[in-house]
Amino acid sequence: MIRGVQGGMAPVLRNLRRGFASSAMVADQMRAMAAQVPTEVSTMSNGMRVASEVRKGTDMVTVGVHLSTGTRFETPETNGAAHFLEHLIFKGSKKYSQSDIETKAENMGIQLNAYTAREQTVYFATAMKKDVPLVVDLLGDIIRNSKLEKSAVERERDVILRELQEVNQQMDETVFDYLHEVAYQNTPLANTILGTPENIQTLTVDDLRNYTKKHYKPHRMVLAAAGAVDHNDLVKLSEKAFGSMEKETDPITPFDLCTKDPAYVTGSEVRVHNENMPACHFAIAFESVGWTHPDSVAFVVLQSLLGNYNRSDGSAQWSNMRLPRSMAVHADHCLSFSSFNTTYTDTGLFGVYCLAKPPFIHDAVTNITTELVRNVFKIEEAALERAKAKAKMNVLATLDGTQAIADEIGRQLHVYGRRMPMTELFARVDEITTSSMKDIAEQYIYDREIAVAAMGPVWALPEYQWMRRRTYWNSY
């Protein structure tokens, strides 16, 4: 058993007061970092990691099994398997029947849930401290000994197909699926999370068992907990629940799989014409970087620098950010937009998702591309400092509650191999200057290929080559 402590305060606060952040904001950051308790991490003999953070003032605990597997690690024939398992995993195991699971959860107030992403699958529960032994034992049994009965698989097909129909009604979800499909064409990141309707109807029990046998390995699992939890007790419970899983003699990591089958962005577009939609939903994306790349934090700040906009918010015309203010001054140009920064192991997508009505779609695209490329030539010091402060506050806002903290612990251990202290993250944000940010924009935005996905009255969207030419300026 290997054990360590990660996180906590570090001597990197020297830059915190630099710039235009208010004294109140600096004080909030200082308090937040001082309040961050260390994350205790232990590695079991089979390679599985156990991590926990104590949160005072609560009797609740969130415990989750975070697996570094998801849609990216599926084949075209098994696309949708990870999400299918999410539906089946709580349907019964060797030790607990579906009735047992539902009854215990209801009687004890345990909240069981799961989610699937392109590179991660998580099964988690929130419960009272006294029920942690049951929760860990339950999670261990459903991971190791899930029944995966044929009858349950057949019942869930219709459930997942209805879910797929519901997701297809959510325009933002659909546009981002199209964006991944066209940007990452011919790579595993093009796969949708729910899978194709054909796969949903044809996946078999053997397909699902083979998927778990291949990817549900202890070295690809983290048991993460946050709340009223004792780390030593959690390790003992984990050894009992997961210790029987055999250690891989030659473990293949997700990084190995990504290196073998890398993802890359292809400059291209997809347009889904629907004249019945009153507005056009479109996304313009550039390729960014993976989690561990030195430039990853700069994209977080750049996202804050671009900002977000909704026409119903009347205060946008006085925004300190140029793009929201530009959209607000010409209110007809755009109904709303949001900048996005989606990160994976070795790649990412950075860009803007926008909702606009014809005939003003062209103007909205002009504003977006102009502001993106403008960052190559000019970034005001005051605007950058505000963006950095906003990025920090966004980080603090996401860590609200035991579930969010446990989720962040599991994610960071997978993508970084450790828990990154907030002080380190904030110091990396503070190190960004106008010069370095312009370098980032020049390297990843200026005259770079773009991926575009659009739905609705796409006839009003400028042609692809027109948008591509707006990724550079011949004069400034």
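So, Arg220 sits over the face of Phe73, and the distance to the ring centre is 5.3 Å. Keep in mind this is a predicted model. Arg411 also lies over a ring face, the one of Trp291, at 4.3 Å from the ring centre.

Okay, on to rings meeting rings. How many aromatic pairs does the structure hold? There are 13 of them. I'll walk you through a couple.

Take Phe90 and Tyr123: they're an edge-to-face pair, with 6.3 Å centre to centre and 85° between the planes. Which parts does that pair tie together? Well, Phe90 is in the loop between helix H2 (81-88) and helix H3 (98-108), while Tyr123 is in strand S6 (residues 121-128), so the pair links parts that are 33 residues apart in sequence. And are these two buried or exposed? Phe90 has 15% relative accessibility, so we call it buried. Tyr123 comes in at 0%, so that one is buried as well.

Next up, Tyr184 and Tyr344. That's an edge-to-face pair, 6.4 Å centre to centre with the planes at 85°. Tyr184 belongs to the loop between helix H6 (171-183) and helix H7 (197-202), and Tyr344 to the loop between strand S11 (336-343) and strand S12 (348-356), so here the pair ties together parts 160 residues apart in sequence. Tyr184 is buried, at 0% relative accessibility, and Tyr344 counts as buried too, at 7%.

Key:
Residues numbered from 1 in each chain as written. Predicted model: local features only at pLDDT ≥ 70, side-chain atom pairs only at ≥ 80, totals over all residues. Heavy atoms only, no water. Phe/Tyr/Trp six-rings, centres within 6.5 Å; stacked < 30°, edge-to-face > 60°. Helix = DSSP H or I, 4+ residues; strand = E, 2+ residues; numbered from the N terminus. Buried < 20%, exposed > 50% of the residue type's maximum accessible area, 1.4 Å probe, protein only. Lys NZ or Arg CZ within 6 Å of the ring centre and 35° of its normal.
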